[in-house]
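Subject: Structure handover

Hello,

Here is the structure I said I would pass on. My notes on what turned up in it follow below.

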Amino acid sequence: MPTVQLSSQFVATATCPSGKRKVDYYDTLVTGFILEVRATGSATYYLRYRDPHDRQCQFKIGDTKSVPFERARQAAFHARTRVVLGESPQEQKKLKKSVPTFKELAEDHYLPFVKTYKRSWDCDDSLLRNHLLPAFGSKRLDEITERAISDMQQDMRSRGYAKGTCNRVLVLVKYMFKLAKKWNLPGAQDNPSEGIKLVDPQNARERYLNAQETQRLKQAIEDSPNVQLKHIVALLLLTGARKRELLDAKWEDFDVERRNWRIPMSKSGKARHVPLSTAVLEVLKSLPRWDGCPYVVPNPQTRKPFKSVFYSWNTARKEAGLADVRMHDLRHSMASNLVNSGRSIYEVSKILGHSQIKTSQRYAHLAHETLLAAADAASSTWM
């Protein structure tokens, strides 16, 4: 175990003694800094040390042909400093190599996890395939920077994507890194998206059907080739349910006697109950039923839930002169009707199944308008 003051000159002339496979030259200035010279003539720099568990470790710095001596000594000094501070350069090197790529995070960890509980996991899968994996798939988690994520957002905006879509991609990145940190995946100690704020999509839209529009729509859906459309639209408007909740609904979830519809899995992830009005009960009585089919408004041809009713809906709304009305606006119209009939925001929240009362506050101005109309009516005797 020869000890010498390593230098560039010594490295240039160092040889392995005859009859030996290799020899280690220990530096006198940096503890543990070694030059390993082999009989073949090749040589490599190492730092030998004991880790916090008192195990002897050897950290490879590089071979003499690739790493100049002064750079090797500097690297050995910094590695030695980490050892004194209780770290293990060798373990950190292994950890660095074990950092997964973003694609591995997505395919091996994230998607298998969300498929167990998230009904809309396929939306995440689409965002990953179309946006995130092309941008970061091959990068390791600790290589993804805040600037890179911001640049991706700007690129999406420049290509015409809506602010809402850009926000959904950012929310997905934030959540994936949050989970990666929770799972103690290497390279996920810091979340590069944490400092990036969502942009205001400025797409808040409130559209309610008035009485005349409702009648025009009612006539248009009566004439639709899709014989189930009139039932679907009526139930959406009368219950305030979400489209998918109704299309997937089963008869077993309806208790006509108690006038209650139990939606097993709502958007909030919990079951919720929808009260059934007399009008809803009348629609339910008129629905066609098929033996062995458990669904309330199935596709008559397949006896399965509709995957989409957009084509027939789009045709009907255009014929009614309501091309701007979305199917989800039927839910808003239900809320509007509730408020205008004097029901409280709390009641609206319970019927629509909002998890937070603030979601229902968007209809508060309707309550104010109703009160103003009542005040005007009361003052009419004075005028």
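Val-280 counts as buried, because its relative accessibility is 1% and the cut-off for buried is under 20%. Please keep in mind that this is a predicted model. Val-280 is part of helix H11. Apart from neighbours within four places in sequence, the residues in contact with Val-280 are Leu-235, Leu-238 and Thr-239. Leu-238 is 42 residues away from Val-280 along the chain, yet their C-alpha atoms are separated by 6.4 Å.

Next, the nonpolar cores. The largest one has 36 residues, and Trp-261, Leu-284 and Leu-330 are those with the most contacts inside it. At least two residues of this core come from each of helix H8 (211-222), helix H9 (229-239), helix H10 (243-247), strand S7 (260-263), helix H11 (278-286) and helix H12 (310-319). H9 gives the largest share, 6 residues. There is also a second, separate core of 28 residues, with Leu-105, Leu-111, Ile-149 and Leu-172 among them.

Which residues does Leu-330 touch, leaving aside neighbours within four places in sequence? Leu-330 is in contact with Leu-209, Leu-217, Val-233, Leu-236, Leu-237 and Trp-313.

Trp-261 also has a place in a sheet, where Trp-261 stands opposite Val-274 in S8. That open sheet consists of 3 strands in the order S6-S7-S8, and the pairing is antiparallel. Strand S6 (254-255) and strand S8 (272-275) are the edge strands, each pairing on one side only. S7 and S8 are joined by 4 bridges.

Another open sheet is formed by 5 strands in the order S1-S2-S3-S4-S5, with mixed pairing. Strand S1 (3-4) and strand S5 (56-63) are at its edges; each has a single partner strand, so one side of each has no neighbour in the sheet. S1 pairs with strand S2 (residues 22-27) in the parallel sense, over 2 bridges. Thr-3 has Tyr-26 in S2 as its bridge partner. Helix H2 (residues 69-84) lies across S2, strand S3 (33-38), strand S4 (43-50) and S5, and runs at about 15° to S4.

If you want a place to begin in the viewer, Val-280 in helix H11 and its contacts Leu-235, Leu-238 and Thr-239 will do.

Regards

Key. Residues are numbered from 1 along each chain as its sequence is written. This is a predicted model: local features need pLDDT of at least 70, side-chain atom pairs count only at pLDDT 80 or more; totals for chains, interfaces and linings use all residues. Side-chain values use heavy atoms; hydrogens and water are left out. A nonpolar core is a set of buried Ala, Val, Leu, Ile, Met, Phe, Trp, Tyr and Cys residues joined through side-chain atoms within 4.5 Å. Buried means under 20% relative accessible area, exposed over 50%, partly exposed in between (1.4 Å probe, protein chains only). Contact means heavy atoms within 4.5 Å. Two strands pair if DSSP finds at least two bridges between them. Axes are lines fitted to C-alpha atoms, for helices over the stretch in contact, and angles run from 0 to 180 degrees between N-to-C directions.
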